Structure formats: structure tokens, C-alpha cells
Amino acid sequence: MTDNIRSFMNRMDVDHRDRLEGLPAYFMDLRDIGAARQALAKFVDEATANAPDVGGMVADYQVTASEGHRLLVRIYSPDQLRTPAPALYWMHGGGMVRGDVRMSDITCQTMARDVGCVVASVEYRLAPENPHPTPIEDCYIGLMWLTERAPELGLDANRIAIGGTSAGGGMAASLALLCRDRGKLNIAFQLLLSPMLDDRNQTFSSHYAVHSKVWNRSANLIGWNALLEGAAGTDGVSQYAAAARATDLTALPQAYISVGELDLFLDESIAYATRLLQAGVPTELHVYPGAFHGSDTLVPGSDLSNRQVMDRNYALRTALHPRLA
């Protein structure tokens with residue numbers, strides 16, 4: 001064990017450390033993207049096999065995207081929800097190259113129940129088969145559809161937040177920029193959980209997180225280069241692919257950013273939150289000591305994970321139900 005890995009493990013929350021040690025060795029190996037997708041699908045199958053029923057309704061919709069692609073939007077509605085209801089438009093994680101709506105089923109169902117909102121999860125197309133701008137355009141088209149269909153879905157079009165985790169968090173940040181610049185959609189709030197924001201990989205934390213079982217530097221470089229067709233870190237990368245590239249962060253919706261102390265995305269999350277605040281965007285930033293990337297979902301029920309979930313839900317509930325604040 002290198003000194004870097006030893007330091008990384010020593011700083012980790014005990015429950016999280018035990019969970020990390022139990023993960024399969026191949027968990028974050030992205031050298032073969034096809035195999036990595038299969039490994040994640042297997043992991044999701046095992047993790048959700050005995051998941052408790054949290055109630056509510058789930059419905060799938062097909063939205064026509066570019067090239068006639070049928071874009072899946074899965075909508076989670078909690079029981080006894082008053083309409084018109086607020087909504088969270090959700091983008092799953094997976095490093096830009098893997099994942100689907102199914103991997104967020106439990107997260108979306110419990111958020112819908114605990115926040116008192118509808119959650120709509122979009123299955124955007126993945127790189128490298130579908131490089132930028134296809135994924136972000138898929139997300140935009142799905143959000144446009146949700147907004148236009150708000151009355152028949154029982155939603156309040158003025159209370160739609162966007163959010164996601166990891167790649168999905170980065171996608172949400174870029175989507176906020178895209179919606180501002182196109183001027184057609186009104187976003188109430190952006191929920192950025194461990195967001196993948198910066199393709200340049202120049203920060204201290206991007207070099208520090210190298211443990212083979214967490215989202216690490218090697219995996220991150222593969223993900224970014226897949227999305228950007230090998231151009232990660234070069235000049236001219238669009239802010240709609242990597243939100244950290246944006247030079248103007250004014251007039252964006254209120255933001256909530258959370259990240260673990262041991263997350264590769266720690267430094268870029270702090271930097272983005274600082275720049276949002278400097279641009280006059282109300283922004284709440286949480287850094288969780290002892291947490292690694294995605295550990296709130298990998299170690300459900302631990303004290304540290306529960307804190308992350310409670311903080312996230314409170315922020316979202318306050319944004320979507322302002323009269324209850």
C-alpha cells in the first residue's frame with residue numbers, strides 16, 4: 001500500500017472504509033467500458049434485489065430526441081401528493097460512459113417520498129458512442145418535454161429543480177447554463193451532488209484520489225476523454241460539456257453542492273461553489289469529512305450517509321416548498 005493510499009484510507013469514515021474494502025476489485029476499472037457497464041449492472045441488480053418498497057407510483061415515458069432516438073424519462077410520484085406539485089428533474093451518474101435510470105430507482109423513489117415532489121429521471125445517451133453534445137442535448141430535450149407536459153402531469157412548471165450525482169451532477173450544472181443561455185426554461189434550483197465539473201484534472205484532489213475501488217483519476221480521464229473524443233484538458237472545451245469551463249456564472253438558479261472530503265471532485269466542487277457565490281448566485285456547499293465519491297449510496301444507513309441525505313432533502317424541500325421554509 002502506497003503512502004497516498006494509506007493516508008486516504010486513514011482519513012475515511014470507519015463504516016465507509018469497511019464497505020470500500022468489501023467492494024469487488026474491478027468496481028471502478030473503466031479500461032474496458034463494455035465490461036464496466038456489465039459490472040455496474042450486476043452490482044445494481046445485487047444492491048436492489050431486496051430493496052424495501054417505499055410506495056408511490058412509477059411510470060415510463062418515451063420522448064423523441066435527435067435522430068429519432070426514443071429517450072426514456074421515468075417519473076416517480078409519491079403517495080398522497082397535492083397538485084400542482086413541484087418536481088426534480090434527475091440525471092444519473094456513471095462517469096459519462098455507463099449507468100441508466102434503473103441505478104437511481106431507490107434514490108429517486110425515496111427523494112420523491114421524503115421531499116414531497118415528483119422526480120423525473122432521464123436516460124441520456126452515453127459516450128463514447130454518443131459524445132458531446134448528444135448527452136446534454138438529451139437532457140435538455142427531456143426537461144423541455146417535462147416542462148411542456150407539466151399541466152397534464154400535475155406539475156407546477158415554476159417549481160422544477162434539476163439535479164444529479166457525479167456525471168449527472170455535472171450534467172445538471174451544464175444544463176443550468178444551457179437553459180439560462182437559451183432562455184426558454186425556468187429552473188427553480190440546481191442540486192449538484194459530487195458533481196463532475198472539470199475535464200482538466202489539475203487539482204490536488206484529482207491527483208490524490210487514486211484508490212482502485214473509488215472513482216479515481218484513471219477512471220475520470222477515461223470518462224472525460226470518451227465524452228470529448230480525446231480532447232479532455234485541451235482548449236475550447238464547451239461549458240455545456242464541462243461546467244467549470246464557464247466564464248460567466250451570473251443569473252443561474254440557486255445551487256446546493258455536496259461532496260466528500262475524499263472525493264476526486266472535492267476541489268472543483270469548492271471552486272465552482274465559490275465562483276457561483278462571487279457571481280451572486282445563492283449557493284450552499286457541504287463537505288463531508290471521511291466520505292469518498294458516491295459513498296452516501298454505497299453505504300446507506302450509516303450515520304455519515306444519513307447526514308448527507310438529510311441535508312440534501314432539507315435543501316431541496318426548502319427550495320421546492322418555499323412557503324414551508
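Colleague: Which residue stands opposite I160 in β5?

Modeller: A87 stands opposite I160. This is a predicted model, where local features need pLDDT of at least 70, side-chain atom pairs count only at pLDDT 80 or more, and totals for chains, interfaces and linings use all residues. Residues are numbered from 1 along each chain as its sequence is written, and side-chain values use heavy atoms, with hydrogens and water left out.

Colleague: OK, and how many bridges join β3 to β5?

Modeller: Six, between β3 (residues 85-91) and β5 (residues 155-165), and the two strands run parallel. Strands here are DSSP runs of E, at least two residues, and helices are runs of H or I, at least four, numbered from the N terminus. Two strands pair if DSSP finds at least two bridges between them.

Colleague: What's the strand order in the sheet?

Modeller: β1-β2-β4-β3-β5-β6-β7-β8, an open sheet of eight strands with mixed pairing. β1 (57-64) and β8 (283-288) are at the edges with a single partner strand each, so one side of each has no neighbour in the sheet.

Colleague: Switching to helices, at what angle do α5 and α7 pack?

Modeller: About 65 degrees, with the axes of α5 (residues 134-148) and α7 (residues 167-182) 10 Å apart. Axes are lines fitted to C-alpha atoms, for helices over the stretch in contact, and angles run from 0 to 180 degrees between N-to-C directions.

Colleague: Which residues make that contact?

Modeller: From α5 you've got P135, I136, E137, C139, Y140 and L143, and from α7 M171, S174, L175, L178, C179 and R182. Contact means heavy atoms within 4.5 Å.

Colleague: How much space lies in the largest cavity, and what lines it?

Modeller: About 90 Å³. The lining is T165, L193, S194, S258, G294, D296, Q308, V309 and R312. Helix α12 (residues 303-320) gives the largest share, three residues.

Colleague: And what volume has the second largest cavity?

Modeller: About 40 Å³. Its lining includes V54, M57, Y76, Q109 and R113, and α4 gives the most, with three residues.

How values were computed: On a 1 Å grid over the protein atoms alone, a cavity is a set of points where a 1.4 Å probe fits but cannot get out, and a pocket is an open set with protein on both sides within 12 Å along at least five of seven lines; lining residues have an atom within 4 Å of a point. Grid points are joined across faces, edges and corners, and a volume is the space filled by probe spheres set on the points.
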